[in-house]
Amino acid sequence: MIRVMLADDQVLVRAGFGALLDAQEDVAVCGEAADGEQAVALVREQRPDVVLMDIRMPVLDGLEATRRITGDPDLADVKVVMLTTFELDEYVFEAIRSGASGFLVKDTEPEELVRAVRAVVEGDALLSPGVTRRLISEFAARSKQPAAAAALDELTDREREVMALVGMGLSNEEIARRLVVSPLTAKTHVSRTMVKLGVRDRAQLVVQAYESGLVRPGWLG
């Protein structure tokens with residue numbers, strides 16, 4: 001059973017998402033919060049698998065709430081998905097840097113919401129390939145000067161290659177086709193790379209790919 005917590009200051013949004021998720025056989029809503037402080041406290045109490053977190057909330061906004069959750073070693077298994085009104089909300093990029101595993105627009109289709117929750121639990125991030133590429137393009141345009149890539153020294157040449165492909169927005173299946181390996185092998189390379197770099201999920205791997213300079217904006221074409 002996937003345990004989901006909802007954090008949004010709009011009662012109707014929580015009610016709508018809650019009804020949809022509770023209708024799934026493999027999903028259960030374990031709590032609701034109306035502001036960021038409530039969200040952090042409830043996450044520490046309930047330890048959900050996924051938090052659907054609104055970016056803009058009173059008392060404590062979703063960004064700071066996400067930082068507190070993802071920065072707590074005791075909550076390392078909790079995945080945060082940000083809720084926003086616009087796909088390219090200016091705060092989305094900061095949310096990914098803050099540790100969010102992805103984001104959803106509030107008017108997303110019901111089946112996409114459910115699929116996204118399941119995908120995040122399985123270790124995927126940024127949700128759909130289309131959204132991934134749009135986010136990466138914008139992230140690339142805003143990226144800072146690459147930092148030293150010393151953290152990548154532990155990676156094999158193949159793992160660096162896989163990390164670069166993840167950074168360019170390719171799915172495991174696309175990486176497998178590009179490298180002429182099985183999807184399982186591609187997934188294994190991605191997983192090992194994340195473990196070596198100590199990143200929470202695929203979203204953080206994308207961030208590191210850019211911030212290390214392994215992927216450069218011009219590569220997106």
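Buried means under 20% relative accessible area, and the structure discussed here is a predicted model.

Q: How many of the residues of strand S4 are buried?
A: Strand S4 spans residues 79-84, and both of its faces are covered, with Lys79, Val81 and Leu83 buried on one side and Val80, Met82 and Thr84 buried on the other. In a regular strand the side chains alternate between the two faces of the sheet. S4 is largely enclosed by the rest of the structure, because the number of its residues that are buried is 6 of the 6.

Q: Is lysine 79 buried or exposed?
A: Lysine 79 has its place in strand S4, and, leaving aside residues up to four places away in sequence, it touches Asp49, Val50, Val51, Ser101, Val120, Arg200 and Asp201. The cut-off for the buried class is under 20% relative accessible area. Lysine 79 has a relative accessibility of 13%, and therefore it counts as buried.

Q: Which residue stands opposite valine 51 in S4?
A: Strands S3 (residues 50-54) and S4 run parallel and are joined by 5 bridges. Valine 50 stands opposite lysine 79, while the residue that stands opposite valine 51 is valine 80.

Q: In what order do the 5 strands of the open sheet lie?
A: The edge strands, each of which pairs on one side only, are S2 (27-33) and S5. Neighbouring strands of this sheet are turned against each other by 25 degrees on average, with direction ignored. The pairing is parallel, and the strands follow the order S2-S1-S3-S4-S5.

Q: What angle does the direction of helix H1 make with that of S2?
A: Helix H1, made of residues 11-22, packs on the sheet and touches strand S1 (2-7) as well as S2, S3 and S4. Helix H3 (residues 62-70) lies across S3 and S4, and its angle to S4 is about 175 degrees. For H1 and S2, the angle between the directions is about 160 degrees.

Q: Which aspartate has its side chain joined to that of lysine 106 by a polar contact of 3.0 Å?
A: Lysine 106 is found in the loop between strand S5 (102-105) and helix H5 (110-121), and its relative accessibility of 18% is why it counts as buried. Among the residues that lysine 106 touches are Gln10, Phe17, Leu83 and Thr84. Its side chain is joined to that of aspartate 54 by a polar contact of 3.3 Å, whereas the polar contact of 3.0 Å joins it to aspartate 8.

Q: Is helix H7 roughly parallel or roughly perpendicular to H9?
A: The axes of H7 (residues 157-167) and H9 (residues 183-197) come within 9 Å and cross at roughly 100 degrees. Angles of 65 to 115 degrees count as roughly perpendicular, and therefore H7 is, relative to H9, roughly perpendicular.

Q: How many residues of the contact of H7 with H9 are charged?
A: On the H7 side, Arg158, Glu159, Val162, Met163 and Val166 take part, and they meet His189, Val190, Arg192, Thr193, Lys196 and Leu197 in H9. The residues of this contact divide into 5 nonpolar and 2 polar ones, and the number of charged residues is 4.

Q: Which glycine, just after H10, takes a positive phi?
A: Helix H10 (residues 202-211) is mostly covered, with 8 of its 10 residues buried, including Arg202, Leu205, Val206 and Tyr210. Just after this helix, a positive phi of about 85 degrees is taken by glycine 213.

Technical notes: Residues numbered from 1 in each chain as written. Predicted model: local features only at pLDDT ≥ 70, side-chain atom pairs only at ≥ 80, totals over all residues. Heavy atoms only, no water. Helix = DSSP H or I, 4+ residues; strand = E, 2+ residues; numbered from the N terminus. Buried < 20%, exposed > 50% of the residue type's maximum accessible area, 1.4 Å probe, protein only. Polar contact = N/O pair within 3.5 Å; in protein donor to acceptor, adjacent residues only side chain to side chain. Contact = heavy atoms within 4.5 Å. Axes fitted to C-alpha atoms, helices over the stretch in contact; angles between N-to-C directions. Parallel < 35°, antiparallel > 145°, perpendicular 65-115°, else oblique. Nonpolar A, V, L, I, M, F, W, Y, C, P; charged D, E, K, R; others polar. Pairing = 2+ DSSP bridges.
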